[in-house]
Amino acid sequence: TFYNITNNMQTEDREHLYALANKFSDTMLGSYDSQGLMRSRPMHIKKACPKENAFYFFSDDRSGKNKEISANKKVQLTFSSSDRWASVSGEAEILSDRAKIEELWQEASRLWFPDGKESPNLTIIKVSPLQAELWDCSGFLRKLNFAVTAAASYVKNENFTPKAEAICENTKINMPETASRV
């Protein structure tokens with residue numbers, strides 16, 4: 001199902017996205033390099049906030065990803081586990097907001113920023129989602145349905161073609177109000 005988030009589905013789908021994302025501590029952040037190729041790297045999620053419709057990450061202002069985002073704000077976040085996946089397309093911006101850094105700071109971040117919150121090159125990458133697609137295959141009944149369907153296909157020597165909705169919840173979300181769409 002494809003939802004255009006401009007009605008009552010907005011809150012429900014956005015909450016679903018962030019509930020799923022909050023099951024992860026890390027994500028892959030993809031940005032475009034100078035040759036127009038997507039380059040991804042793992043990033044620790046500092047905050048995934050449905051009220052602000054934003055994901056927050058710490059980054060060094062001198063990093064390649066900051067330079068890439070400054071040149072092209074289109075980014076991709078991908079989340080993956082054994083039974084849940086999400087792909088988020090959005091726009092990123094680099095922030096030097098000291099109050100937000102204070103809010104997001106965790107002592108473990110000192111590994112990357114030895115001077116702590118006062119590190120001169122500490123910045124925030126804020127990603128505002130434009131679109132997302134989620135696959136949630138968790139839950140006992142979904143896994144049981146998968147196992148029964150797979151076993152039946154195997155015994156019958158047939159291609160495994162389960163009804164996707166019985167095994168996995170797939171949601172596509174469009175969030176046009178969150179960014180400028182330049």
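Which residues lie nearest the centre of the largest pocket? They are Met43, His44, Phe58, Trp112 and Phe113, among the 15 residues that line this pocket. The structure is a predicted model, in which local features need pLDDT of at least 70 and side-chain atom pairs count only at pLDDT 80 or more, while totals for chains, interfaces and linings use all residues. Residues are numbered from 1 along each chain as its sequence is written, and side-chain values use heavy atoms, with hydrogens and water left out.

**Overall architecture**

- The chain has five helices and nine strands, where helices (H or I, at least four residues) and strands (E, at least two) are DSSP runs numbered from the N terminus.
- Read from the N terminus, the order of elements is β-α-β-β-β-β-α-β-β-α-β-α-α-β.
- Of the 182 residues in the chain, 40% are buried; buried means under 20% relative accessible area, exposed over 50%, and partly exposed in between (1.4 Å probe, protein chains only).
- Among contacts (heavy atoms within 4.5 Å) between residues at least 6 apart in sequence, 70% join residues at least 24 apart.

**Largest pocket**

- The volume of the largest pocket is about 320 Å³.
- A pocket is defined on a 1 Å grid over the protein atoms alone, as an open set of points where a 1.4 Å probe fits, with protein on both sides within 12 Å along at least five of seven lines; lining residues have an atom within 4 Å of a point.
- Grid points are joined across faces, edges and corners, and the volume is the space filled by probe spheres set on the points.
- Strand E3 (38-44) and strand E5 (54-60) each supply at least two lining residues, and E5 gives the most, with four.
- The lining comprises seven nonpolar, five polar and three charged residues; Ala, Val, Leu, Ile, Met, Phe, Trp, Tyr, Cys and Pro count as nonpolar, Asp, Glu, Lys and Arg as charged, and the others, Gly among them, as polar.

**Two residues of strand E5**

- Phenylalanine 58 lies in strand E5 and counts as buried because its relative accessibility is 8%.
- Beyond four places in sequence, phenylalanine 58 touches residues including Met43, Ile101, Trp105, Phe113 and Leu122.
- The C-alpha atoms of phenylalanine 58 and threonine 123 are 5.8 Å apart, although the two residues are 65 apart in sequence.
- Serine 59, also in strand E5, is buried, with a relative accessible area of 2%.
- The side chain of serine 59 makes polar contacts with the side chains of serine 63 (3.2 Å) and asparagine 66 (2.6 Å); such a contact is a pair of N or O atoms within 3.5 Å, of which, within protein, one must be able to donate a hydrogen and the other to accept it, and residues adjacent in sequence count only if both atoms are side-chain atoms.

**Nonpolar cores**

- The largest nonpolar core has 24 residues, and those with the most contacts inside it are Leu17, Phe55, Phe57, Leu77, Phe79, Ile125 and Val127; a nonpolar core is a set of buried Ala, Val, Leu, Ile, Met, Phe, Trp, Tyr and Cys residues joined through side-chain atoms within 4.5 Å.
- Helix H1 (9-21), E5, strand E6 (74-80), strand E7 (84-95) and strand E8 (122-136) each give two or more residues to this core.
- Another core, of ten residues, lies apart from it and includes Leu95, Ile101, Leu122 and Ile124.

**Glycine 64**

- Glycine 64 lies in helix H2 (residues 64-71) and counts as partly exposed, at 39% relative accessibility.
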